[in-house]
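The sequence and structure are shown below.

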Amino acid sequence: MSFRFPIAFSLLLLLLTIGCQGSSQPTAYPTTGLITFEGEPMKGGGAISFIPIGPQTGKPAGGLVNEDGTFTMTTYRQGDGSVAGKFRVIIMQTTTSEPTMVASDDGGEPVMSSGPIETVSKSQRIPLIYADSAKSPITVEVTPQGNNQLTIDLTRKPN
């Protein structure tokens, strides 16, 4: 009987804490875009992250890059965008896929292929510097005004 009050008080405190988080978080603004490499949509898909440049409130945004190079940023909820500010952009390209089951030559049980399957040729792979959180040369700014439709152009020899 003596444990009910502390447990009930703890649950009430937890619910108040959870309920108050939504109203104090910085606003996320719709942010979408296209990643190109040497003028063509980036092949293979992958992931994109925004790292704040300088002091900033709010959670950093991230997203998946689709096979056609398009992306939609997420901060709190799927596809809600990014908080406003200036960011360094980190891009990781998917260049292989997992091994798959293939039919065996003797007609028996399917077997696992030997290893990862290359999905992006070496000539279409972006330089690794774009995946370096300290050295990526790409920066963007997300603003509260207007549509944050970004085009990120990558080159074989980044500046």
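Predicted model: local features only at pLDDT ≥ 70, side-chain atom pairs only at ≥ 80, totals over all residues.

## Surroundings of Thr36

Leaving aside residues up to four places away in sequence, Thr36 touches Pro41, Met42, Ile152, Asp153 and Leu154. Thr36 lies in strand β2. With a relative accessible area of 8%, Thr36 falls under the 20% limit and is therefore buried.

The side chain of Thr36 also takes part in a polar contact of 2.6 Å with the side chain of Asp153. In β3, Thr36 has Pro41 as its bridge partner.

## Pairing of strand β2

Strand β2 pairs with β14 in the parallel sense, over seven bridges. Within this pairing, Phe37 stands opposite Leu154 of β14.

Two other strands run antiparallel to β2. Strand β6 (residues 70-72) is joined to β2 by three bridges, and Gly33 stands opposite Phe71 in β6. Strand β3 (residues 40-41) is joined to β2 by two bridges. β2 and β3 form a hairpin with two residues between them, and Glu38 in the turn has a positive phi of about 55°.

Five of the seven residues of β2 are buried, so the strand is mostly covered. The largest nonpolar core has 21 residues, of which Ile35, Ile48, Phe50, Ile91, Ile152 and Leu154 touch the most other members. At least two residues of this core come from each of β2 (31-37), β4 (46-52), β8 (85-93), β13 (139-142) and β14 (148-154).

Beyond residues up to four places away in sequence, the contacts of Ile35 include Ile48, Val65, Phe71, Ile91, Ile152 and Leu154.

Terms used:
Residues numbered from 1 in each chain as written. Heavy atoms only, no water. Core = buried A, V, L, I, M, F, W, Y, C linked by side-chain atoms within 4.5 Å. Buried < 20%, exposed > 50% of the residue type's maximum accessible area, 1.4 Å probe, protein only. Helix = DSSP H or I, 4+ residues; strand = E, 2+ residues; numbered from the N terminus. Contact = heavy atoms within 4.5 Å. Polar contact = N/O pair within 3.5 Å; in protein donor to acceptor, adjacent residues only side chain to side chain. Pairing = 2+ DSSP bridges.
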